Amino acid sequence: MQPPTTGDWIAVTEEPLAIDAATTWATTPGSGAVVVFLGVVRDNSDGRDGVQGLSYEAYEEEAVAKLAAVATEARRRWPVIDRVALLHRVGDLTLSEASVAVVVSSPHRPEAFDAARFCIDTLKETVPIWKREHWAGGSDWATRSHPVRAVDDPAGRPVNVP
């Protein structure tokens, strides 16, 4: 995964996430704050203990477009943010592997924290990426699966994904 030279770094990949590279890329001379959020595979889920790993699937073309829309909306809400990286894994992941990274830089910490929180929360609700949990007795789709919504629709109305 190679970072772009400017703007937003959007990626859906089977490769391990380039967290250090994304953090370095987001750290610019004008950035007084760089917030990094990592979602990692844990050994439990709602009502399920003993989770041994996850598999992520994505409608990749649409997922990339939705990730870009999340970054665009974050920039609309917090115009001072400098760089945004939204990186998501697909494929099979083991415990403690990073499945998603959100990196936001801005001149000051309130905007970086707020934008990063918006990005991860909105990404989870709007991007067509699904996870399957694996445990000793079998596997199944995550219990918190839900329809995706439009990035700019805070009411949460589902949208049709072609």
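Buried means under 20% relative accessible area. This cut-off is used in the legends below, which describe close-up views of a predicted model.

**View 1. Trp9 and Trp25 are both buried**. At 6% relative accessibility, Trp25 falls under the 20% limit and therefore counts as buried. Trp9 has a relative accessible area of 3%, so Trp9 is buried as well.

**View 2. Trp9 and Trp25 form an edge-to-face aromatic pair**. The count of aromatic pairs comes to two. In the pair of Trp9 and Trp25, the ring centres are 5.8 Å apart and the planes stand at 75°. Planes over 60 degrees apart count as edge-to-face, which is why this pair is given that name. Trp9 belongs to strand β1 (residues 8-13), whereas Trp25 belongs to helix α1 (residues 19-26). The pair therefore ties together parts that are 16 residues apart in sequence.

**View 3. Trp78 and Phe118 form a tilted aromatic pair**. Their ring centres lie 5.6 Å apart, and the planes are at 55°, so the pair is classed as tilted. Trp78 sits in the loop between α2 and β6 (83-89), and Phe118 is in helix α3. The two residues are 40 residues apart, and their pair links distant parts of the chain. Both Trp78 and Phe118 are buried.

**View 4. Helix α2 packs against helix α3**. Helix α2 covers residues 60-77 and helix α3 covers residues 109-126. The angle between them is about 145°, and their axes are 10 Å apart. The crossing of α2 and α3 is right-handed. On the α2 side, the contact is made by Lys66, Leu67, Val70, Glu73, Ala74 and Arg77. On the α3 side, Phe118, Cys119, Thr122, Leu123 and Thr126 take part. By class, this contact of α2 with α3 has six nonpolar, two polar and three charged residues. Phe118 of α3, named in this contact, is also a member of the tilted pair with Trp78.

**View 5. Four strands make up an open sheet**. The strand order is β7-β5-β9-β10, and the pairing is antiparallel. Strands β7 (91-94) and β10 (138-141) are the edge strands, each pairing on one side only. On average, neighbouring strands of this sheet are turned by 25° against each other, direction ignored.

**View 6. Strand β5 pairs with β7**. Strand β5 spans residues 51-58 and pairs with β7 in the antiparallel sense over four bridges. Leu54 stands opposite Leu93 in β7.

How values were computed. Residues numbered from 1 in each chain as written. Predicted model: local features only at pLDDT ≥ 70, side-chain atom pairs only at ≥ 80, totals over all residues. Heavy atoms only, no water. Axes fitted to C-alpha atoms, helices over the stretch in contact; angles between N-to-C directions. Left-handed = near helix turned anticlockwise from the far one by under 90°. Contact = heavy atoms within 4.5 Å. Nonpolar A, V, L, I, M, F, W, Y, C, P; charged D, E, K, R; others polar. Pairing = 2+ DSSP bridges. Phe/Tyr/Trp six-rings, centres within 6.5 Å; stacked < 30°, edge-to-face > 60°. Buried < 20%, exposed > 50% of the residue type's maximum accessible area, 1.4 Å probe, protein only.
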